[in-house]
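Hi,

Here is the model I promised to pass on.

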Amino acid sequence: MNIALVEYGAGNLPSVERALSRLGVESRRASTPEALAGCDALILPGVGHFGALMRSLGERSLVAPLREAVSRGTPLLGICLGLQAMFATSDEAPGDAGLALFPQKVSALPPADRLPHMGWNQLRRARPSKLLEGVPQDAYFYFAHSYAALDAGEAGVAYCDHCGSFVAVLEQGNVFATQFHPEKSGPVGAQILSNFVRQADGKG
Amino acid sequence: MSLAHRIIPCLDTDGERVVKGVNFVNLRDAGDPAALAARYNIEGADELVVLDIAASRDHRPTFLETIRRVAAELAIPLTAGGGVANVDEGRAILRAGADKLTVNTAAIRNPPLLTALAAEFGSQAVVLAIDAKRVGNRWEAFVRGGSVHTGIDAVEWARQGVDCGAGEILITSMDKDGTRSGFDCPLTAAISRAVSVPVIASGGADTPETFLEVFSGGRADAALAASIFHDSIQGLGELKRYLGEHAISVRQTA
């Protein structure tokens, strides 16, 4: 299987690559529209700033190809800022449009608890999830963020509670995303990546 | 459901090997960083910190290689630092595989550095490390590995550092460091009350009770320790079981 990490000049690609490699999955990096077009599955990792991510994707002419890949049915996994990029807009960068795979927006978490939301937290499951198959209900995942999607309609399959409730796992058709970092979440994180690879491989 | 309190082993290195000492002096060799990282990753550490306490310019490529070797062993977050003085050095540390970087001396001398680092990498990647010591009726910040007294109020500096962009505070009690007499709970609580970001307590770790104290009275979000883990005086699994039994939310691992 041909699985590629979208490379846009930021994002923690090596740690995702190592996590996949531990599962016996070799990945490559895609930084051009042509490279994206030839992939069986895509991962959009992300750390940093919503505006910087969208501008980097724009400068590399990757926004339309990413949307087209999703329309064609290519499985896509967004991680952290990669989840946020799937929404229409973000409070973090009001002038920058997201990929708009989902019509809702990304909000600044209200300062009810400590921010950034940093560390290991549990999930509240709302709908059946392919990414969470085989993952214990009380498992902890590693989060590091101050912005989040509070609502994703039917696509929100699991939520997390910190400064209120926000979308932690999102699934709709061939689009998957986690607000936490599976590549930093120990064995349960590896299970999530393995579940995505299985979906992408058509064995889900 | 709530955010777990983190237990963070710390690898103080001379750039290449793990070293340890009491009150920042009398350093001795304590092992290979990648080997220790692999062990803590399996035993249930929630995060790992690796510091270059020598932080000499000539040594930096060696430390970056150490970060790469350590990161390769981990499926948990990694924080690294020591002598970071500008955005380019921060970028080198993150590119080598760290998720967050610590900054200490350079931030006190030049607080806008925190703003620049946060703008470049996000606040979640910027940890302000403060070495503090009791002076009279307050705590004051020391820099350059604890050797230079700034006269700056540590609590006030933490507050200002967060305003400048720090996303987390790593507060080390120099009075407690290496003594195994318990964390400095009054210091940690004072910092924790002053800021809105997570606070990591460091210095003085000993028995599971000392961790319970710093998570309850000390109001810490995370606790860091070195020698009690390196010397296998305290097991991570046993420590977390104890905390769980005492109503502290922790991530239990197998």
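Which residue in S2(A) is the bridge partner of Leu5(A)? It's Arg29(A). Before I go on, some housekeeping: this is a predicted model, where local features need pLDDT of at least 70, side-chain atom pairs count only at pLDDT 80 or more, and totals for chains, interfaces and linings use all residues. Residues are numbered from 1 along each chain as its sequence is written, while chains are lettered from A and ligands numbered from 1 in the order in which they are written.

**Sheets in chain A**

Helices (H or I, at least four residues) and strands (E, at least two) are DSSP runs, numbered from the N terminus. Two strands pair if DSSP finds at least two bridges between them. S1(A) and S2(A) run parallel, joined by 4 bridges. They belong to an open sheet of 8 strands with mixed pairing, in the order S2-S1-S3-S4-S13-S12-S11-S8 (chain A). The edges are taken by S2 and strand S8 (124-125) of chain A; each has a single partner strand, so one side of each lacks a neighbour in the sheet.

There is also an open sheet of 3 strands, again mixed, ordered S5-S6-S10 (chain A). Here strand S5 (87-90) and strand S10 (147-149) of chain A are the edge strands, each with a single partner strand, so one side of each has no neighbour in the sheet. S5(A) pairs with strand S6 (residues 102-108) of chain A in the parallel sense, over 3 bridges, and Phe87(A) has Phe102(A) as its bridge partner in S6(A).

After H1(A) comes Gly24(A), with a positive phi near 80 degrees.

As for the contact between the chains, 25 residues come from chain B and 29 residues from chain A. A contact requires the C-beta atoms of two residues, placed from the backbone, to lie within 7 Å. The side of chain B that touches chain A has 13 nonpolar, 6 polar and 6 charged residues.

**Inside chain B**

In strand S1 (residues 6-13) of chain B, 8 of the 8 residues are buried, so the strand is largely enclosed by the rest of the structure. S1(B) runs parallel to strand S12 (residues 222-225) of chain B, with 4 bridges joining them, and Ile7(B) has Ala223(B) as its bridge partner in S12(B). S1(B) also pairs in the parallel sense with strand S4 (residues 48-52) of chain B, over 4 bridges; there, Leu11(B) is partnered by Val50(B).

Most residues other than glycine have a negative phi, and most peptide bonds are trans.

- The peptide bond from Leu115(A) to Pro116(A) is cis, with omega near 0 degrees; Pro116(A) lies in the loop between S6 and strand S7 (117-121) of chain A.
- Ser61(A) has a positive phi, near 55 degrees. Ser61(A) is exposed, with 11 C-beta neighbours inside 10 Å.
- Cys80(A) has a positive phi, near 55 degrees, in the loop between strand S4 (76-79) and helix H5 (81-84) of chain A. Cys80(A) is buried, with 29 other C-beta atoms within 10 Å.

Cheers

Terms used
Nonpolar A, V, L, I, M, F, W, Y, C, P; charged D, E, K, R; others polar. Buried ≥ 20, exposed ≤ 12 C-beta atoms within 10 Å, placed from the backbone.
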